Amino acid sequence: MKTIPEAALNVMGRTAYIDDLPEPRNLLHSAVKLSGSARGRMTRIDAARALALHPSVRVITWKDIPGENQLGFTVADEPLLPEREWEYWGQPLVLCLAETKGLARRAAELVVVEGDALAPTFDPREAAAKGDFILPPRTQRSGDPAAAFARAAYVVSGRADSGGQEHVYLETQGAIAEPRDGDRIFIISGTQGPAVVQRAAARVLGLPMNKVEVETRRLGGGFGGKEDQATTWGCLAALGARLSGRPVKLCLDRKTDMRATGKRHPYSSDWKIAADAEGRLLAFEADYYQNSGCSCDLSAAIISRTLFHAVGAYRIPNVRVTGFLCRTNLPSFTAFRGFGAPQGIFVMEAALDALARRMGIDPVELRRRNLLEEGDITHYGMPMTRVRARESFDSLLEKTRWRELRAEVDSFNASHALEKRGLAVVPNCFGVSFTKLQMNQGGALVHVYQDGSVLVSTGAIEMGQQVSRKIARVTACTLGIPIERVAIERTTTLTVANTVPTAASTGSDINGMAALAACEEIRGRLVRRAAELVGGPAAGLSIEDGRVVRGREDTGLSWDDLVLKTYESRVDLSAHGFYATPGLFYDMEAEKGSPFAYHVYGAALVEVRLDVLRGLYAVERALIVHDVGRSLDRAVDLGQIEGAFAQGLGWALLEELAFGADGRLLSDTLSTYKLPDAHFLPARLEVEMMRETDNPRAVLNSKAIGEPPLVYGIAGYFALLDALRSARPDGPGMYDLPLTPEKALDYLTGDRPEYGREKAAKGDTPC
Amino acid sequence: MTRISLTVNGKRYERDVAENRTLLRFLREDLGLIGTKEGCGAGECGACTVLFDGLTVNSCMVLAVEADGRAVETIEGEAKDGKLSDLQEAFQKHHAVQCGFCTPGMIMSTRELLHRTPKPTVAEIKEGIEGNFCRCTGYQQIVEAVLDVSGQLEKKGELRHA
Ligand code: FES
Ligand code: FES
């Protein structure tokens with residue numbers, strides 16, 4: 001395996017994250033004052049005691065903002081600092097600057113913000129009942145669900161809930177801003193989207209974008225949490241720098257980060273599913289009450305992805321799904337790996353689980369019968385091609401020897417009263433592209449220097465997913481040189497403009513393609529020059545492994561000589577490449593189109609062991625079969641699959657976001673918010689990459705890898721539910737994620753009957 | 001202020017420190033050894049792990065004055081003369097590093113484990129790193145790196161399940 005210097009810097013602890021950068025001279029530190037209740041109307045800000053603390057203290061409120069006090073681009077509902085009302089517990093109200101971090105924090109504590117309490121809402125269904133939506137509801141439909149429900153042999157309905165999730169990127173959010181040459185401002189921001197920070201900071205400071213430069217070196221994790229929500233910190237630092245005329249650093253401590261920033265959206269959903277007598281799915285309906293939190297942020301794009309993934313990897317001819325963006329007085333929930341898809345897929349899998357139970361058949365068999373097939377048209381009108389749902393599912397069943405395994409587990413359960421094993425299999429079909437169409441574009445700037453070394457700049461942010469390594473690989477392959485000759489430059493708004501955030505698993509796809517376009521242009525110029533140098537036509541000449549070759553024959557000309565000679569003949573050795581994902585379209589009125597470049601497939605089996613007396617459990621084994629197209633780097637892809645699965649499993653079984661009755665975040669430390677540790681992951685975790693096949697819709701036939709494998713965590717939920725049901729065969733369906741040990745115990749003791757009751761009251765067949 | 005004298009990665013330092021200064025901040029801000037990271041500042045994540053007379057501590061939970069007369073080892077002492085240690089090589093080779101933020105702490109915890117137990121079992125490795133959160137990797141590749149460096153990977157140099 002090739003090593004690259006960056007990985008070496010990492011293991012040496014020499015990678016510089018924001019808090020590690022040498023501090024500029026004259027630096028001021030800063031801290032934010034957070035609101036102490038969920039909702040209130042501000043009446044007074046008293047900074048006297050804070051200002052008395054030290055002469056360097058400065059207290060900045062919304063009144064000091066020179067430009068527009070607004071970060072929201074989809075909906076203008078996100079002031080940088082609130083002017084009249086605060087809308088959640090933990091919202092930044094005021095910025096304090098001071099000479100040291102300690103002083104800034106103490107000053108923030110001393111600022112007094114007074115206001116009148118307003119009645120908050122926390123429950124998305126309550127907000128929906130009041131009609132308090134951030135944007136109007138959206139519905140996608142296909143076929144005739146009402147007619148299908150009327151003629152179906154089986155109709156089952158129910159409710160499914162999924163909780164939020166903290167990102168817990170190990171590096172907390174932060175930024176450093178510096179005033180430069182008069183009215184320019186330079187921001188180093190821990191963001192997945194430097195151009196987003198640039199645009200917002202320009203707006204807040206009242207500057208044109210060409211006066212604001214944003215640079216991002218490397219993130220200590222992002223997972224979506226720094227897609228939109230790094231903007232606040234970048235803008236606050238910029239505001240401080242602009243007003244004080246000095247560099248300002250704002251790095252959040254863990255608690256502030258957890259309290260103030262958004263997380264994965266909690267959802268509460270109602271579903272209804274129908275099948276014929278053979279268990280073929282006929283219809284599906286769902287209403288998703290997305291808890292959007294206090295502002296729009298990315299919620300609209302996230303609900304899109306939920307709707308697009310509403311029926312998971314299945315074929316269902318009649319569908320009606322509606323998403324509601326419910327405004328509540330909680331932090332603005334935001335992007336998190338999967339971006340609404342896992343929430344939608346969980347509802348679908350819950351419905352299938354209940355249906356299988358109702359029909360008295362193996363849920364795995366029911367799933368298998370209804371997998372998507374080549375040529376199927378999704379409920380949003382996209383014809384599916386190169387479908388690998390059955391291939392992955394069947395290969396998983398074969399590898400696990402499903403029938404034998406099921407029988408073995410059943411007989412174990414029959415002979416053990418205090419210990420139960422549970423199994424589940426969940427398929428995956430994940431659409432790749434930003435759901436907001438315009439975002440599917442990217443640029444790259446490639447320089448070949450006179451000595452033959454190559455420098456690439458793109459909009460991609462390195463946050464551990466090794467996008468740099470993948471882009472270096474694409475560059476090396478396209479130019480025909482060893483990867484060691486390629487360096488990837490840090491991301492800044494100076495080199496590539498108007499970039500989209502590194503998100504939606506598209507970082508390598510989009511930026512890799514843009515780099516490829518630039519490299520192809522340079523290669524064309526070089527090959528033309530090579531033809532002059534070695535004689536003969538340019539056609540048939542290529543560069544391989546640093547040599548100019550014709551067919552298989554070395555022409556005697558090396559890459560280094562060719563580069564130098566091309567330079568000497570006054571030919572440009574730089575190029576800018578641009579890529580816009582082709583073939584995407586979507587009609588928002590009709591809710592039909594082809595919003596994805598392609599889909600990623602796979603399936604996972606999870607096995608758990610349950611301690612019936614205590615409700616404790618261990619995930620014993622997971623087997624994942626996953627579609628990587630033609631992998632750009634198998635070790636990197638493996639790491640992405642395992643890491644995403646760990647997060648998915650954490651979301652499904654362990655990580656519980658807890659808000660108090662007053663809207664205060666109770667799980668605001670790493671001792672009260674439970675993260676997967678080394679023991680939590682299954683003792684046996686096997687990942688099998690599917691037979692490599694071409695994917696003409698992405699760079700070098702690869703496939704996006706960041707988000708799709710998170711879905712496999714959902715198999716953990718249903719495996720545990722399976723074990724719980726063996727312990728309590730009369731128990732109701734329970735679709736309330738995460739399935740923590742506490743909930744498991746309540747289920748076993750029958751202390752949690754609300755699910756059964758609620759469904760009975762609804763009139764449809766209870767599950 | 002109190003004068004302390006200690007060794008860090010074998011090098012002797014004498015410094016005046018405030019009594020409430022943590023070892024983490026002392027290392028990062030006074031000695032400029034920024035390899036040790038702060039992930040929580042509350043003893044909960046392990047990113048700040050260093051060796052303290054050979055044993056792992058969360059340096060955010062230790063006061064600098066407590067380090068008086070002690071020997072501290074940090075990630076900066078792991079590579080010698082710019083050459084990666086075997087453990088660092090293994091982390092790199094097995095792609096046990098993604099964002100890299102947990103890595104210095106993870107390597108220090110593993111270092112202590114290997115001092116104690118040169119050939120740890122998988123269970124012992126997991127116990128050795130249980131105080132270190134990694135949000136990126138799912139830990140599997142870290143465990144493999146440690147197995148490899150202790151000469152226990154069945155097929156050396158290959159990923160077990162690639
Ligand atoms: S920073 Fe010390 S344990 Fe997290
Ligand atoms: S590599 Fe990112 S936290 Fe471990």
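Let's start with a pair of charged side chains: Arg125(A) and Asp270(A) meet in a salt bridge, with N to O at 2.9 Å (a salt bridge being a side-chain nitrogen of Lys or Arg within 4 Å of a carboxyl oxygen of Asp or Glu). The two partners come from distant parts of the chain, 145 residues apart, with Arg125(A) in helix H4 (residues 124-129) and Asp270(A) in strand E13 (residues 267-275) of chain A. Helices (H or I, at least four residues) and strands (E, at least two) are DSSP runs, numbered from the N terminus. Asp270(A) counts as buried, at 16% relative accessibility; here buried means under 20% relative accessible area, exposed over 50%, and partly exposed in between (1.4 Å probe, protein chains only).

A word on conventions: this is a predicted model, in which local features need pLDDT of at least 70 and side-chain atom pairs count only at pLDDT 80 or more, while totals for chains, interfaces and linings use all residues. Residues are numbered from 1 along each chain as its sequence is written, chains are lettered from A and ligands numbered from 1 in the order in which they are written, and side-chain values use heavy atoms, with hydrogens and water left out.

Over all chains, a search of the whole structure finds 70 salt bridges. One of them joins Arg105(A) and Asp253(A), at 4.0 Å from N to O. This pair also links distant parts of the chain, 148 residues apart: Arg105(A) sits in helix H3 (residues 101-110), and Asp253(A) in the loop between strand E12 (248-251) and helix H8 (254-260) of chain A. Arg105(A) is partly exposed, with a relative accessible area of 32%, and Asp253(A) is partly exposed at 23%.

Now look at a charge without such a partner. Asp509(A), in helix H15 (residues 507-534) of chain A, is buried yet has no salt bridge, and Lys470(A), the nearest side chain of opposite charge, is 7.4 Å away. For that search, Lys and Arg count as positive and Asp and Glu as negative; His and the chain ends are not counted. Beyond its neighbours within four places in sequence, Asp509(A) is in contact with residues including Val432(A), Tyr598(A) and Ser702(A), where contact means heavy atoms within 4.5 Å.

Next, the meeting of the two chains. Here 57 residues of chain A are in contact with 44 residues of chain B. Chain A and chain B bury about 4,100 Å² between them, 57% of it on carbon and sulfur atoms; buried area is the accessible area (1.4 Å probe) that two parts lose on being put together, summed over both. On the side of chain A, Val11(A), Leu170(A) and Ala678(A) lose the most area to chain B, together 18% of what that side buries. The rule finds 4 salt bridges across this interface, and Arg28(B) and Asp19(A) meet in a salt bridge at 3.4 Å, N to O.

Finally, the backbone has some features worth a look. Most residues other than glycine have a negative phi, and most peptide bonds are trans. Phe339(A), though not a glycine, has a positive phi of about 55°; Phe339(A) lies in the loop between strand E15 (318-327) and helix H10 (341-359) of chain A and counts as buried at 10% relative accessibility. A cis peptide bond, with omega about 5°, joins Leu737(A) and Pro738(A).
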